[in-house]
Amino acid sequence: MLVRVIVIGNNVAGTTVAKGMRDADSRVEIDIYSEEDFPYYPRPRLIHYLEGTVTEKDLPFYPMDWYQKNQLGLHLGHRVERIDRHEMSVLVHGAWEPYDKLVLATGSSAYVPLFTGLPKAGVFTLKTLADARMIKNRASRSKHIIVIGGGLLGLETGRALCNAFPELHITILESGEHLLMRQLDHEGADMLQTWIRRTGAEVLVKADTKEVFGEGDVAKGVLLKDGNRIEGDMIVISAGTRPNVQLAKEAGLKVNRGIVVDGSLRTSDPDIFALGDAAEFNGQVWAMIPPALDEAKVAALRILNMESPDYNGTILSNTLKVLGFDLTSIGMVRPAHEPPEQGVEEIRAVSPDGSVYKKFVIKDGKMIGAILLGTKREVVKVTKLIKEQTPIDDIKDRLGDPLFAFS
Ligand SMILES: Cc1cc2nc3c(=O)[nH]c(=O)nc-3n(C[C@H](O)[C@H](O)[C@H](O)COP(=O)(O)OP(=O)(O)OC[C@H]3O[C@@H](n4cnc5c(N)ncnc54)[C@H](O)[C@@H]3O)c2cc1C
């Protein structure tokens, strides 16, 4: 019988797996160690916090007494320094804590490219509440913010700050050929770019940052590789994340980009599991919430030696507001910079007024992915087709018609 499980990390992966274990077993001792000093909050809420529509008190997903009621030992502000696999214990706050099973839900950190001139005051990344507090404070005193990175998070951060501080001017710099390189193709991105420019924000693509320049150690703008200088009094770098794998690496676990796990979410050590942004399954590091939730369901039972089907990947379906516009990306959507896979067909439909853009990805007579921009109406039906792998031969020819409606 298991006596004690230690979970490292208290965001969506760590908390959900702890809840899953508690739901399945009322006796096992569960301790969660978290470097952050705030109980679990969904990180998308940080965008609303920046925007001013949510306060700090609204951030936590569960009230503090939820942890007590569920007998989850929550240790905030406790960074785990080391894992001793031989002794089956972790070093935290100078003491060795024993475990029977260990869960690495250590997540990811914001990636900061090697720009010349860093570090400088006035340059931020957004990952934690602590980051959001600093960004908000600085934005309230700024006139021109430069966002480096035209991905989802960069666009959302820019939008939130513009809404909160309407006087703020914003420039978004994307080094790729267009915005949202992971979600959109050229055509969809062109439409989005036009919409964004109408909101007053400036968008520069193929804008490769070389240097962050400043006065002394305070940032005053960026210099691009093409020689263009953009002045600004605040910079947010939104250039993706990297899995937190240091602990796992030092403990000698198998690590590629993330901590390598199998369908049980087990690492190369049978007593250690990993999930969420920190984990790599089938060569993929997801870095999104839905896979963390799917993984937690499986891991919770497997940690307790209970039956569960293997984790087998996640069909992503995300509807997001990008600067106020609905964007849904479902399943396999080829990033614009990757060549099309053999046997895969892409069908596009654009409404005559340019307000709606749809792209459907088809393989072997079935839909495997879709992008819906400017509409939410068909999300449920398209998601169902993709998840259930329904043959679409009867509708395929009509998908390119912007007026076609799924029945
Ligand atoms: C602003 C923002 C908006 C987002 N919006 C979306 C969205 O709309 N949809 C979506 O799917 N995803 C979104 N994401 C991504 C999503 O939040 C992540 O995929 C998710 O948080 C991953 O959860 P996780 O628990 O694996 O890791 P993380 O959220 O990274 O949490 C890991 C935790 O472990 C702690 N930790 C690490 N090492 C240690 C240690 N040694 N000791 C103790 N504690 C440790 C960290 O401090 C951290 O608190 C967003 C992210 C951000 C920042």
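Entry 1, the model. I am working from a predicted model.

I looked up how many residues surround the ligand and found 29. The closest are Glu 36, Arg 43, Val 80, Asp 277 and Ile 289. Sorted by class, the shell has 15 nonpolar, 8 polar and 6 charged residues. I then checked which elements supply the shell. Helix H1 (12-24), strand S2 (29-34) and helix H8 (289-303) each give at least two residues to it.

Which side chain places an N or O atom 2.9 Å from an oxygen atom of the ligand? I found that this is the side chain of Lys 127. A polar backbone atom of Ile 289 is 2.8 Å from an oxygen atom of the ligand, and for a polar backbone atom of Met 288 the distance to a ligand oxygen is 3.2 Å. On its own the ligand has 1000 Å² of accessible area, and the protein covers 90% of that.

I traced an open sheet of 5 strands in the order S9-S16-S10-S11-S12, with parallel pairing. Strand S9 (123-124) and strand S12 (202-204) are the edge strands, each pairing on one side only. Within the sheet I looked at S10 (residues 144-148) and S11 (residues 169-173), which run parallel and are joined by 5 bridges. In this pair, Val 147 of S10 stands opposite Ile 172 in S11.

How values were computed. Residues numbered from 1 in each chain as written. Predicted model: local features only at pLDDT ≥ 70, side-chain atom pairs only at ≥ 80, totals over all residues. Heavy atoms only, no water. Near = heavy atom within 4 Å. Polar contact = N/O pair within 3.5 Å; in protein donor to acceptor, adjacent residues only side chain to side chain. Areas by Shrake-Rupley, 256 points an atom, 1.4 Å probe, with all protein chains shown as cover. Helix = DSSP H or I, 4+ residues; strand = E, 2+ residues; numbered from the N terminus. Nonpolar A, V, L, I, M, F, W, Y, C, P; charged D, E, K, R; others polar. Pairing = 2+ DSSP bridges.
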